[in-house]
Amino acid sequence: MSSPLPDTGPVERVGRKARRRAAAIEAVRSSGKGSGSRFGWLWGLLAVLTVAALFVTYIALGGHVRATVLGFACYVSGCSAAGMTTTGWLVVAAPAAVLIAAGVYWRKLGRSGRIGLGSTAAVVYLIVVTFVPGRGRDLSDLLKGPGSDAVADGLLWGLGGAGAALLFMLGLVFVGRAVPAVERRFNTIALTGAMVLVVAALPVAIAKSDPTWVRATEIFPAELTMNGDRLTRTSVDDIRGCDGVLPDDALLNRSLCYLTVRASYTTDDSDAVATFRAVLYADDETADEVRAGVPRGLTPVGVTGDASTVLSTTYSWVLVGTAGHADGRTIAADERPWVLWPLRQVSYHFIGMQGGLLVDPDPDDGIRPRTP
């Protein structure tokens, strides 16, 4: 009897083809897994670099980043309470907005759109992390400079809005289990409610925030009563920057100046007029450096007639004060003490407003009232 022939029927040939096809598919899958493992270390390296960037940003650059953010906000808003409070609120709202945008649009964006959104998210979170207090520190340690208290208020109100939004979404989970209509529209309701709560915290924060005490109308009242004298304000305003204060704008623009407040006062003690200007900078050191570069003997812009000019600094302000007779006549030597007296009173009021301690000046050191 002859030996049996190998399987050559149609069924056997189809079976061999199926096995070869399955083997080829498995080989492709294995190849893909190998490729993924070859590049998997890149994702790990990226994660390590991201963590390192967070530490570098927080430790080495945190102070510069915060100062830049606060300085830009102060310059743009004139250091108003509303502007600085909004800045603090944005520290919380901006990362939340980026997170929502990523969740809603990520799958709809192309490669370039994802890169742009991812880059924006990275920048926002690297900035925001510098506002997170470290061990043994609080917001007062991190936030320095003009308007920093308002920024802290806005940040805390933003956190309150975010906390309310989180509680709302947690409560909505339990409501959704009992109400099918809520369950079906959970994402829409949760997103809308959370956004409303976070946004609603902003106007409340602005309304509750204290003045920044850097705007002219906040600092200079219509009337001042000091040492028994009554000083009456004749003009008041503030301007962005510091151009038009001195004949050479470059003197005060050695560093970035945020704003200039101006006020003029008369007094019932004499015919003297005090005109006071104060230029705001980022910190005390900057103000001192700018003041050191201003030569003596300059007359501020807009001053006519004979006048005495006094330059000084207090906190982060450069002070430019002038005093003279109302009619601009020459100041005699024996008149100088009482002509400068109203300017000293206005200066003391300004310094007290910045330091939180209002005191009347001492009239016994050469600058004194005309009427004892």
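Which residue takes a positive phi in the hairpin of strand 5 and strand 6?

1. This is a predicted model, in which local features need pLDDT of at least 70 and side-chain atom pairs count only at pLDDT 80 or more, while totals for chains, interfaces and linings use all residues. Residues are numbered from 1 along each chain as its sequence is written, and side-chain values use heavy atoms, with hydrogens and water left out.

2. The residue in question is Tyr 315, which has a positive phi near 50° in a hairpin with two residues between its strands. Strand 5 (residues 308-314) pairs with strand 6 in the antiparallel sense over seven bridges, and Val 310 stands opposite Gly 321 of strand 6. Strands are DSSP runs of E with at least two residues, helices are runs of H or I with at least four, and both are numbered from the N terminus; two strands pair if DSSP finds at least two bridges between them.

3. Strand 6 also runs antiparallel to strand 4 (residues 272-280), to which nine bridges join it, and here Ala 278 faces Leu 319 of strand 6. Because nine of the nine residues of strand 6 (residues 317-325) are buried, this strand is largely enclosed by the rest of the structure. Buried means under 20% relative accessible area, exposed over 50%, and partly exposed in between (1.4 Å probe, protein chains only).

4. Lys 144, in the loop between helix 5 (139-142) and helix 6 (148-178), counts as exposed because its relative accessibility is 56%. The C-alpha atoms of Lys 144 and Ala 67 are separated by 7.5 Å, although these residues are 77 residues apart along the chain.
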